[in-house]
Amino acid sequence: MPQYQQQASWRLEGGGQIIDLETAIKDGILGGGGGGLPAGKDGTLGATAEKLDLKKMIEELDSAAPEDVPSVFICPISLEPMVDPVTLCTGQTYERANILKWFSLGHLTCPTTMQELWDDAVTPNRTLHQLINAWFSQRYLLLKKRSEDVQGRAAELVQSLKKVKGQARVQALKDLQKIVVAHPSVKKTVADSGGVSLLSSLLGPFTSHAVGSEVIAILVNLCLDSDAKTSLMQPARISLVVDMLNEGTIDTKINCTRFIEMLMEEKSFRWEVVSSLSLLVALLRLVKDKRHPNGMAAGLSLLKAICSHEQVRSLIVSVGAVPQLVELLPNLSPECSEPAWHILDDLSTTPEGLSALKDCPQTIPNAVRLLMRVSEACTQYALSILWAVCKLAPDECASLAVEAGLAAKLLLVIQSGCSPELKQRAAELLKLCSLNYTTTLFISKCKLTRTIQ
Amino acid sequence: MISMLYFVVESMGSFCSRQQPLNEVDSDENKQAAKIDSRIAEETKAEQHIHKLLLLGAGESGKSTIFKQIRLLFQTGFDEAELRSYTSVIHANVYQTIKILYDGAKELAENEPNSLKYVVRADNKEIGEKLSEIGSRMDSPCLTKEIAKEIVTLWNDTAIQETYSHGNILQVPDCAQYFMENLERFSEVNYIPTKEDVLHARVRTTGVVEIQFSPVGESRKSGEVYRLYDVGGQRNERRKWIHLFEGVTSVIFCAAISEYDQMLFEDDTKNRMMETKELFEWVLKQSCFEKSSFMLFLNKFDIFEKKVHRVPLNVCEWFKDYQPMGSGKQEVEHAYEFVKKKFEELYFQNSKPDCVDRAFKIYRTTALDQKLVKKTFKLVDETLRRRNLIEAGLL
């Protein structure tokens, strides 16, 4: 390539960005903004502080605004941008640390050209370092500027929410939500400018769905302190959230479930807050909606959290949760199976729940099928339910279970690497089931081999 | 439907009376028939876009007040002629009220243990008897300044005040205080009732009344049309006509939550809240409403607010497991949430599994407060519009 001839554009090997000379000068990459670098005494480029800064910039830019770094800036060994580029006698440039490591492993070749090196000196490539520094600095400064802007915009939006009404309010909320999700650093700004209490105050008995769903979408992404959460637990506000859980889009519904879960973590939370039939019915509807698996998962997660409060369990059973959940089981993904079985296990501790489990024809077959299939936790829950149901009505259920192949499964459990308590449970259940059978008949049901017997 | 039948009948009349040659009659008939068919099709199509709302509830639950509010909010309101027509109603209400109070005081004086406090002062007795007689007439005389003064005197009698504060076992209308406070105005010679007066006026609804309206929102483009039906609240023969409202978009059920300690007008041994409970259960079970949304208006919250401190909820059998908590505003909220939960429970207990997708929302209302009714209706409108979009698969 003729040295001083200016080309319209330089095509770089391996693709990547095209830096043409004019743009490079205009953008200040060549000499303008980047500035010179003080060379250290030992010949390494710049002070250590400079290098760290570059490293920091590279890291932040990588996470915040992934953009294609020009391929000439990338070290061929690590495929990372070079912080201290050095050139070999073959003219190829590498990250100093990487090429030195290559040499220390005993290689005296150039990794890319495979040529044998006639000179093992590594020359710092100051030009390239300057370019890399300038390129990253420019973008870093731009990022910082944009993020500062974002903070300002967020504060502006919070202020405007105090005044606007109607459609303008909905729009401001939508904008704020977008910013909070895109720039997590904004959360603090929102909280500091009184955003949390303002948003809470927008939720009331006369809040429209449009406003309410946007407010929840924002609150779910913020960190709420104790006072905020307590004030959000007011019955009128919870009713509003339940209504949105009933009527909203799938995203709104998921936000509502996450919101309620957030409130449940609070110390001052009382079970009465979630003892609403409307909430439980809406949750069940969400859990059963096969079109939206992420909705199902969110619903099950909240239902599981609610179920951990004993006092609400009979209410959950009264809305028909047991048969509806049992019917869902065969089609659930593994992530959803566990919470579903956990819920059923919790419900089995109430008399209504247990009898609902017994009455549902699919309980035993589904439980038997599940043993040892998904996870130890699921096996534990399923076993616990089978135990409870068989104890309740041994004649009916034990035989049903055995017919469904329970015995063989139990043996599997006993032989497996599960916890001792689980194995003990399995053994007890096996004993319980065997009571109605003669030994020979039972053994045939277990499909035992002689050795195990 | 009725207007269409009328049209058909009219056209039929013109067929029979036409004197024309046979073949012409045929083609004319066909033309007419085609016209009628297309008109029926048009009207059916138009009807489908009209959301029909049915106001249900026990007597004096506030249905007609809501109805009047909607008229004031979304139609041209009441013109002067209509306002004037309420003058005699209001005067009659005044006489009825004071009669109930006076007769009630006499009754309490006879039957209650500490009867002395219900005994009207000697010099007021004559007024009382006179007013009681007027109140029992079918046509009441105009309210003059003199009579108004007499009523005020009687109203201020401690016995009458005492009776009023124990008004739950009598049939004292809720707006008694309002009437008594505005007597001077009502007795003016050129008195024309204000909108507020009309809202308080009490006329028993007979038959069915309907209005058609379009709530104009901010966007002004949706143009949803609603038709609101108000039926009488009393018990007679409900089951016979209820199925005429099959397929209404929404049932707006009004329940006056302040009535938990009052008895029915039709049967003074029956608690009004229990009657509301039974009526709600009955309505929920009707198959004609299987697809209708249910909007429950827990009405008369302003009266409920004040009563909760004086009269515990437990006096009503349905609320006997109520545990009071807190004081002041907190107590009111707690009591309200309790009542709301009871209605919620009732709803889910009486809804069949296949009605699970029916929308059900509870609103706290005070039908006399126009701003509140407007806000409440905005929410109802939003819910119904969202339902529409969901059903059309657009949401």
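This is a predicted model: local features need pLDDT of at least 70, side-chain atom pairs count only at pLDDT 80 or more; totals for chains, interfaces and linings use all residues.
Good morning. I shall begin with the extent of the interface. Chain B contributes 20 residues to the contact, and chain A contributes 22 residues. The size of an interface is often expressed as the accessible area that is lost when the parts come together. Here, chain B and chain A bury about 1700 Å² between them, and 55% of that area lies on carbon and sulfur atoms. On the side of chain B, the residues that lose the most area to chain A are B:Phe348, B:Leu379 and B:Arg386; together they account for 27% of what that side buries.

Let us turn to the interactions across the interface. How many salt bridges does the rule find between chain B and chain A? It finds one. The partners are the side chains of B:Lys361 and A:Glu247, at 3.6 Å from N to O.

Which elements of chain B supply at least two residues each to the side that touches chain A? They are helix H15 (328-349), strand E6 (360-364) and helix H16 (370-391). The largest share, eight residues, comes from H16(B). By type, the residues on this side of chain B comprise twelve charged, six nonpolar and two polar.

Finally, a word on confidence. Chain A has an average pLDDT of 79, and 83% of the residues score at least 70. In residues 31-49 of chain A, however, the pLDDT is below 50; this stretch has 26 contacts in the model beyond near neighbours in sequence. The pLDDT also stays under 50 over residues 448-453 of chain A, where the model has five contacts beyond four places in sequence.

Thank you.

Terms used. Residues are numbered from 1 along each chain as its sequence is written. Chains are lettered from A and ligands numbered from 1 in the order in which they are written. Side-chain values use heavy atoms; hydrogens and water are left out. Contact means heavy atoms within 4.5 Å. Buried area is the accessible area (1.4 Å probe) that two parts lose on being put together, summed over both. A salt bridge is a side-chain nitrogen of Lys or Arg within 4 Å of a carboxyl oxygen of Asp or Glu. Helices (H or I, at least four residues) and strands (E, at least two) are DSSP runs, numbered from the N terminus. Ala, Val, Leu, Ile, Met, Phe, Trp, Tyr, Cys and Pro count as nonpolar, Asp, Glu, Lys and Arg as charged, and the others, Gly among them, as polar. pLDDT is the predictor's confidence in each residue, from 0 to 100.
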